[in-house]
Amino acid sequence: MRQVMTRVLLAGSGALLGVIGGAMLTSTQAFLQTSGVEISSDPSLLSELKAPSVLLIVAAMVMIAGSARTRFANTALILGGVVYGSYGLARLLGMAMNGMPSDPLIVATAIELALSALLLGRRLYAATPAQSSRLQAQHV
C-alpha cells in the first residue's frame with residue numbers, strides 16, 4: 001500500500017509539473033493570463049519566463065520515472081519536494097516583499113507548499129519495507 005501511495009503522489013504531482021512546464025514553454029502569455037498576469041511580447045521577457053520551463057519538464061519526467069520505477073522514487077520525491085517547495089517559498093517571499101498577488105497565485109502557493117510537504121514527508125517518513133527492516137535491526 002505504501003508503494004501505491006508513493007506512485008500515485010509522484011505520478012500526479014509529476015504530471016501537474018509537466019503540464020505547467022509545457023504551458024510555460026509553449027503558451028507563456030496565455031498561461032500567465034489564467035493567473036491574471038499580463039505581459040508584453042518582449043522577446044527578452046518571454047525568454048526569461050520560459051527559462052525555468054524545461055527544468056520543470058525534466059523534474060516532471062524524473063518524478064514520473066520514480067512512479068514507474070521504485071529505484072528512482074527517493075530521488076523523485078526529494079526533487080519534487082525541492083522544486084515545489086522552492087516555488088512556494090519564493091512566492092511567500094514575494095508576498096512579503098511586494099504585496100499580495102492575484103487569488104490564483106495565492107492558491108498556487110498553497111498547492112506548491114502542500115505538495116512539497118507531501119513529497120518530502122513521504123520520503124522522510126514512509127520508509128520502504130527493506131529500509132524499515134534495516135532500521136529495526138540497527139536498534140536491536
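## Overall fold

Two residues are in contact when heavy atoms of theirs lie within 4.5 Å. Among contacts in the protein chain between residues at least 6 apart in sequence, 69% join residues at least 24 apart. The model is predicted, and local features need pLDDT of at least 70, side-chain atom pairs count only at pLDDT 80 or more, while totals for chains, interfaces and linings use all residues. Residues are numbered from 1 along each chain as its sequence is written, and side-chain values use heavy atoms, with hydrogens and water left out.

The protein chain has six helices and zero strands, in the order α-α-α-α-α-α along the sequence. Helices (H or I, at least four residues) and strands (E, at least two) are DSSP runs, numbered from the N terminus. Of the 140 residues in the protein chain, 30% are buried. Buried means under 20% relative accessible area, exposed over 50%, and partly exposed in between, with a 1.4 Å probe and protein chains only.

## The nonpolar core

A nonpolar core is a set of buried Ala, Val, Leu, Ile, Met, Phe, Trp, Tyr and Cys residues joined through side-chain atoms within 4.5 Å. The largest one here has 14 residues, and those with the most contacts inside it are L10, L17, M63, Y84 and L119. At least two residues of this core come from each of α1 (2-26), α3 (43-68), α4 (73-98) and α5 (103-125). The largest share, five residues, is supplied by α4.

Not counting residues up to four places away in sequence, L17 touches L56, A59, A60, M63, V83 and Y84.

## A buried serine

Which residues does S13 contact, leaving aside its neighbours within four places in sequence? They are M63, Y84, L115 and L119. S13 is found in helix α1 and counts as buried because its relative accessibility is 3%. A polar atom of the S13 side chain lies 2.6 Å from the backbone oxygen of L9.

## Helices α3 and α4

Two packed helices are described by the angle between their axes and the distance between the axes. The axes of α3 and α4 come within 8 Å and cross at roughly 145 degrees. Axes are lines fitted to C-alpha atoms, for helices over the stretch in contact, and angles run from 0 to 180 degrees between N-to-C directions.

On the α3 side, P52, L56, A59, V62, M63 and G66 meet A73, A76, L79, G80, V83, Y84 and Y87 in α4. The residues of this contact divide into 11 nonpolar, two polar and no charged. Here Ala, Val, Leu, Ile, Met, Phe, Trp, Tyr, Cys and Pro count as nonpolar, Asp, Glu, Lys and Arg as charged, and the others, Gly among them, as polar.

Note on methods:
Polar contact = N/O pair within 3.5 Å; in protein donor to acceptor, adjacent residues only side chain to side chain.
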